[in-house]
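Subject: Structure handover, aromatic contacts

Dear colleague,

Please read them alongside the coordinates.

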Amino acid sequence: MYVVFEGIDCVGKSTQIDLLKTSYKDAIFTLEPGGTDLGKYLRNILLNNTYKIHKRTELLLFLADRAQHFEEVLKPNRDKLIISDRSFISGMAYAKDFENDLLFILNGFALNQFFPQKVIFLKGDEKLIQERLDQKKIDHIEKRGIEYFLKVQEKLENVLDFLKQKLNIKILKLDANQSKDHLHQKIKEFVQ
């Protein structure tokens, strides 16, 4: 089973994934972008660049990472439990200037039509996100600010609604303001 965590930065995805590692010792834990050597290289270009990357170029770099991730991580482990920090869903949301239908086709190509079966979506409010952003060193994308993240979060919800129509996918939406333990319990129940 392929399970993905979705949500903007600072909503607690990494914390919840770390908690699952103690319960699912045989699972494959991965992330996008950056789940392969090529992906790490592309992630560095995308998150730490000092030059302007055109939106289409940025989209294609993320798709290249996703295609490599499919070949190296998802495809060989498709019969195991795979838990990923982000997926093509975030890719669609962050590429907010493009139509969902086009993004779905491009991501389907990159993934060879291998889509997650379950999605855990953590949603934070403006106060929570700003507090957590203020506590960390920010990368190129995070420098876009809180308004940018709130728009991406809104687009994430839009993408999830779009995918309900396209795929047989189960979605758990959670309020990231809830306690870490409460969220962990709900997530474990959903993954099982």
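Phe88, Phe104, Phe115 and Phe162 form one aromatic cluster, in a model that is predicted, so that local features need pLDDT of at least 70, side-chain atom pairs count only at pLDDT 80 or more, and totals for chains, interfaces and linings use all residues. Residues are numbered from 1 along each chain as its sequence is written, and side-chain values use heavy atoms, with hydrogens and water left out.

Rings of Phe, Tyr and Trp (its six-membered ring) are paired if their centres lie within 6.5 Å, and a pair is called stacked with planes under 30 degrees apart, edge-to-face with planes over 60 degrees apart, and tilted otherwise. By this rule there are seven aromatic pairs. One of them is Phe104 with Phe115, which is stacked because the ring centres are 5.3 Å apart and the planes are at 10°. Phe104 belongs to helix H5 (residues 100-110) and Phe115 to the loop between H5 and strand E4 (118-123), so this pair ties together parts that are 11 residues apart in sequence; helices (H or I, at least four residues) and strands (E, at least two) are DSSP runs, numbered from the N terminus.

Phe104 and Phe115 are both buried, that is, under 20% relative accessible area with a 1.4 Å probe, protein chains only (exposed is over 50%, partly exposed in between). Phe104 also pairs edge-to-face with Phe162, at 6.1 Å centre to centre and 75° between the planes. This pair links distant parts of the chain, since Phe162 lies in helix H7 (residues 146-166), 58 residues from Phe104.

Best regards
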